[in-house]
Protein chains: 2
Amino acid sequence: MDFEIAEQNVVDFEKINKIKKILPQDELIFEMAELFKVFGDSTRMKIISALLEEELCVGDIAVLTNSTPSAISHQLRVLKQAKLVKYRKEGKIVYYSLDDEHVRQIYEKGREHVEEV
Amino acid sequence: MDFEIAEQNVVDFEKINKIKKILPQDELIFEMAELFKVFGDSTRMKIISALLEEELCVGDIAVLTNSTPSAISHQLRVLKQAKLVKYRKEGKIVYYSLDDEHVRQIYEKGREHVEEV
DNA sequence: TAAACATATGAACAAATATTCATATGAAAA
DNA sequence: TTTTCATATGAATATTTGTTCATATGTTTA
């Protein structure tokens, strides 16, 4: 009696296991997704665009983005938590600036993709 | 009678107008945010991670990501709409692969940021 | 010290979105 | 042609998330 190898719907375990070994840890994937999530909002992208030029205070960013200082403050907190911006205080004014060269690089790559497709 | 220049809470219009001229169009900002939004989900990031290695069918991706074929199919639609993946059909099986070198570049920059911070 | 101001923060609400479930479509096998 | 299978799709649900509003904090000016 001969036996057959079921070919049809059996997943290719060799292929899958090979890739499974190569895939990054779930934790890393999660953190990358969290990072890109920060870029995935128009208001935050506007803030980043503006900060690419120079450091700005909350009020100026609010004017530039047609938002309220409160909304901007909330979004700056998100950017801060993601380590994308840093700040310095000068009296009651708080100046924000980009914290990392990756921000510029990720921004540029995104822009290239959007402009080319 | 002398007049004073109000210094305190008056926004710096020169500075703001200068930056306003440099900022990208709202439409471009929006599209960039939409692009990054696609990267901003763990399931989609896993799919992208896997496709960085080689083309895969829906079923294999479902196994690799511990998701259902249905959930994966929905997410592949999102990736397709963002022009990040392409596909080819072979009978009833559909093979997906990355559509653009930018995907790899954006992915790598994100990974660098996460691993360094 | 009191008033004005810049920014931050918490709660509430509205909008966006990922997954699930049921079902549809279309292709290969029986 | 009937069944089985791979993938797709629509509706419903649950969760996440951005903004608003009211208020708090801390700093400067009157």
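**Exercise 1. Helix packing between chains**

Helix 2 (residues 26-39) of chain A packs against helix 3 (residues 42-51) of chain B at an angle of about 115°, and their axes are 9 Å apart. State the handedness of the crossing of helix 2 of chain A and helix 3 of chain B, and list the residues that make the contact.

Conventions. This is a predicted model, in which local features need pLDDT of at least 70 and side-chain atom pairs count only at pLDDT 80 or more, while totals for chains, interfaces and linings use all residues. Residues are numbered from 1 along each chain as its sequence is written, chains are lettered from A and ligands numbered from 1 in the order in which they are written, and side-chain values use heavy atoms, with hydrogens and water left out.

Solution. 
1. Helices (H or I, at least four residues) and strands (E, at least two) are DSSP runs, numbered from the N terminus. Axes are lines fitted to C-alpha atoms, for helices over the stretch in contact, and angles run from 0 to 180 degrees between N-to-C directions.
2. The crossing of helix 2 of chain A with helix 3 of chain B is right-handed; that is, the near helix is turned clockwise from the far one by less than a right angle.
3. Helix 2 of chain A contributes Asp26(A), Ile29(A), Phe30(A), Met32(A), Ala33(A) and Phe36(A) to the contact, and helix 3 of chain B contributes Ser42(B), Met45(B), Lys46(B) and Ser49(B). Contact means heavy atoms within 4.5 Å.

**Exercise 2. The sheet of chain A**

Determine the strand order of the sheet in chain A and describe the pairings of its strand 3.

Solution. 
1. The 3 strands form an open sheet in the order 1-3-2, with antiparallel pairing. Two strands pair if DSSP finds at least two bridges between them.
2. Strand 1 and strand 2 of chain A are the edge strands, each pairing on one side only.
3. Strand 2 (residues 85-90) and strand 3 (residues 93-98) of chain A are joined by 6 bridges. Among the pairs, Lys86(A) is opposite Ser97(A), and Glu90(A) has Ile93(A) as its bridge partner.
4. The hairpin of these two strands has 2 residues between the strands, and Gly91(A) there takes a positive phi near 65°.
5. Strand 1 (residues 56-57) is joined to strand 3 of chain A by 2 bridges, with Leu56(A) opposite Tyr96(A).
6. Of the 6 residues of strand 3 of chain A, 5 are buried, so the strand is largely enclosed by the rest of the structure. Buried means under 20% relative accessible area, exposed over 50%, and partly exposed in between (1.4 Å probe, protein chains only).
7. Helix 3 (residues 42-51) of chain A lies across strand 1, strand 2 and strand 3 of chain A, and runs at about 85° to strand 3.

**Exercise 3. Lys80(B)**

Locate Lys80(B) and identify the residues that it touches.

Solution. 
1. Lys80(B) lies in helix 5 of chain B and is partly exposed, with a relative accessible area of 33%.
2. Leaving out residues up to four places away in sequence, Lys80(B) touches Val85(B), Tyr87(B) and Tyr96(B).
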